[in-house]
Amino acid sequence: MLNSAAAKGMGLVIGAALTFGAFFASVMLGTTEISLPTLFDALTHYDAANVSHIILLTERLPRAVIAALVGASLAIAGALMQTMTRNPLASPGILGINAGAMFFVVVAVSLLPLHTPTHYVWAALLGALVAASLVVLLSRGRHGELSPLRVVLAGVAVTAMFVSFSQGLLVIDQQSFESVLYWLAGSVSGRDLSMVTPLLPLFGGALLLSGLLVRHANALLLGDDMVTGLGMQATTIKLLLGLIVIVLAGSSVALAGMIGFVGLIVPHMARGLFGIDHRWLLPACAILGACLLLLADTASRFLMPPQQVPIGVMTALIGTPFFIYLARQKMASQ
Amino acid sequence: MTQETALPLHHTIERKSARLLNSLLLISCLLFFSVGVSLCLGSFPTPPLQVLQTLIAPQSSDIAFIIWELRLPRIVLAILVGAALAVAGAILQSIVRNPLASPDVIGITSGAALAAVLFLALLSTTLSIRWLPVAAMLGALVSALLVVSLAWKSGISPARMVLVGIGLAAAMGAGTTLLIVISDDTAAMTAYVWLTGSLYAAQWEDVWGLLPWILVAVPISLAFARHADAMALGDHVAEGLGVPILRSRIVLLACSVALAGAAVAFAGGLSFVGLIAPHLAARLVGRNLARLVPTSALVGALIVLNADLLGRVAFLPKDLPVGIFVAGIGAPFFVYLLHKARYRCY
Amino acid sequence: MPTIHAHCSKAWRRVLLLACAALIAFFVLANPLQSAAQNDNPAPSVSTPRIVTLYQGATDSAVALGLTPIGVVDSWLEKPMYRYLREPLEGVEHVGLETQPNLEKIAWLDPDLVIASDFRHARIAPLLAAIAPTASTNTVFGFKTTLTMIANATGRETEASQLLRLWDDRVSDFRQQIAAELGSEWPQKVAVVRFKSDHVRIYTHGFAGSILAELGFEQPDTLHTQGWGMKLSSTENIPVLNADVMFVLLEPDDPAIADNYQRWTAHPLWQRLSAVQNGRVFEVDPVSWMMGGGILAANAMLDDLYDHYKLQHQTCFPHATDHTGEYLQC
């Protein structure tokens, strides 16, 4: 646990450096090793006949960009989720986002003719929004307040419902099961940067908004009434944070499928190192999340070559030992 | 609430016992009716009189085979599985003091799932599939031991246990996903159906396999139930009341693991019941564990039985896994209750 | 609190009443349903045993032996039954999925013999045995084993040995012709590849693999120690598919699969594969190459191979539509 602002600053810088390193590793390593000079060459003097250049621009770069973006977004969404519900078990999935996205994707693949990731990105996003709205609607108390417990319970119920409907569709139709299997496991390969560009405004807007609301998030940790001291209703803040979570997590799921570990566990890791102040926590989450996903993407190529392990699997395999270690340390100090 | 405390204590206790009895009676009736309907329905509906005849005086015929060897074991297994998972969930929610706790959360189901999928992917050619429940039980046991040992630091704090459990569940879930992704189509689908939770091909030997676990674990958990209620007030209060905290926690946890592990071993990843059945039961009889155990058992049995009935007959000729309908029925009902429960102090 | 309690118990009483009413209505309505569900099962005849086949290869083999099962499982593609088997199996009951056969239906059909696979149906084996004598074998795609097993169980050993002799003749003919045709290029390494909507699979052992091995083809160097095969999700790994000849299994109705196929074949690494450079990439039908699983499918697959290598068909072979017994004439 880093205690002083200087230590935290140092931590962030080191983290950022590690993330850059992971980015380059992800781009350069794989079945075909690509060296740094080749990378610069491809970016400056792109040669359409050079296989390495093609691999770089069609496979490696998009993967690395998506991994970093999704990792950062999921981690921030998870941190905000845990703050909003004041429950360490919360993750963006609790709001039903993953389940809603999954259901709409499964419907798109099995009932509508939308079979490729580029097409069902929008179905996924829509599903995430629908599920989350359902959860928010259901968890409003008698006076319209959003108690954390009700949000979580509603989320669990909605998630289970959508997951079961999806399972129903997948079990009936083996073909659609095979089509969505990689998406269900989490996948960043086979995606074009053109898939990311329409979603960039969403990512950017949500990240910006989260930056603006750090102080309110801090106040929320102390209790609903603390927030009013900053000039806003607790409910408004929760709704805004909820919107950020939905947009970030929904877009991430739409882009890369179900990557479940990051939103739940990376915030714990970040909190263990940087404390609960959101001004440090959110950047730390972004860095840790991006780094984790980039490392996972790189490692996924080497676990059982030439097959690639789905990225959702790798993140869990890498992150869990670290997380358990932190859980033991952190709980011991409380 | 205020009205209740104004009454003398023995009136309150009487009313609570009456509520318990009424609830148990009601759910038992519903369960009985569900069993009756389940016996009559299937690919070929059987008239109730014929069902009764076959039950009382079975002769060797197609109908007798269908009722005695296909429908009845599946119905009984559904009831046992629902009861076991519900009680496991009730115990966990009490120990961990978090209404989100279910056998999922501390990694038991994921451990069983990983073991089962490993078995299906790697060993199904060498060992007979009869060993699958054993493999799943071993998986549940190993993961429970892992959770406890990793969370142990001079005692088990519920919060730490849950956290470690979540981490392990994530890792084991990842392993399961990996196995499914690299398997061929039919193995992948078989594993996925198992993960969803399925009672297809339930046989009497499955029933005899599950029953002992329930007969042992449920009475033990009832015996320790009052300790659990004391612990719910806080560790310090419980110590003051002379409750052996560590021992009770371990015993109750063991009961929960045994019940959940055994149920999942025979029915696949059906654990959502362990989350919602205790909630539904608590709305009837309150959060006292001693009352909650029998009630959630019956509620869980009712849910799983009817879910399986739907899976068997609603989409003929397909036989859909029960797990789909457990959440499909349970979740909306749960949501409806949430909606109605606005006056509660959630 | 008392008011709420009374309200709750009133609600429960309503539920109970509703459940009773539903049950009574059900009792009343259930009786007519039973007569509608009666099967008119024809009396069993000694020469045509009533068999139920629980996997694709068994269905194919039964039809090849001139039997018409009374119950079959659904096909994986071209549902509910493959086109090449639709005519002989017209009007036959379907008993569910190969992986999850409907036991009640099988019981109702009252078969004399059930053909199952240990691999798929080990769990329900005791139940099947209680319904009817069950013949099962520990394979799903070993078409010769399946054929022999069904023949032994139904007394059609002569037909089976004829079919297998025909097959052996065709195999040795193919081996002679292709060795003559390709000379020093034989034996060739073969890759059996299947495109899905977001990944590609290469198969090693399995139906097609075993037949190709029997015909003398070899495994590519990249694949020696894999199980059933591999799934590749990244175009980077195209070199894994390298072989002298490639057979591509494509499902014609799925546009996403066609798209993915375009994407992969447009990649420069694809152009570097030896099969591509030698013009030996052939698109084939997944039904005969993978799904059918029986001797009829095997013969269809062999037809494909003859055609693709432009060899002469020398011997006659059985078609599903000739199952009346006339198939052995040319």
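Two residues are taken to be in contact if their C-beta atoms, placed from the backbone, lie within 7 Å. In the predicted model, the contact between chains A and C takes 20 residues from chain A and 19 residues from chain C. On the side of chain A that touches chain C, the elements giving two or more residues are helix H3 (51–85) and helix H7 (174–185) of chain A. Of the elements on this side, H3(A) gives the most, with four residues. By residue class, the side of chain A that touches chain C divides into eleven polar, seven nonpolar and two charged residues.

The largest nonpolar core holds 344 residues, and the members that touch the most others are A:Val105, B:Val81 and B:Ala84. Helix H4 (residues 62–96) of chain B supplies the largest share of this core, 22 residues. Chain C also takes part: at least three residues of the core come from each of its domain 1 (51–161) and domain 2 (167–328). When residues up to four places away in sequence are not counted, the contacts of B:Ala84 are B:Leu210, B:Trp213, B:Ile214, B:Leu259, B:Ala262 and B:Ala263.

Helix H3 (residues 48–56) of chain B contains B:Gln53. This residue, B:Gln53, is classed as partly exposed because 16 other C-beta atoms lie within 10 Å, whereas a buried residue has 20 or more and an exposed one 12 or fewer. Between B:Gln53 and B:Ala64 the C-alpha to C-alpha distance is 9.4 Å, at a separation of eleven residues in sequence.

Technical notes:
Residues are numbered from 1 along each chain as its sequence is written. Chains are lettered from A and ligands numbered from 1 in the order in which they are written. This is a predicted model: local features need pLDDT of at least 70, side-chain atom pairs count only at pLDDT 80 or more; totals for chains, interfaces and linings use all residues. A nonpolar core is a set of buried Ala, Val, Leu, Ile, Met, Phe, Trp, Tyr and Cys residues joined through C-beta atoms within 7 Å. Domain bounds come from an automatic or database domain assignment. Ala, Val, Leu, Ile, Met, Phe, Trp, Tyr, Cys and Pro count as nonpolar, Asp, Glu, Lys and Arg as charged, and the others, Gly among them, as polar.
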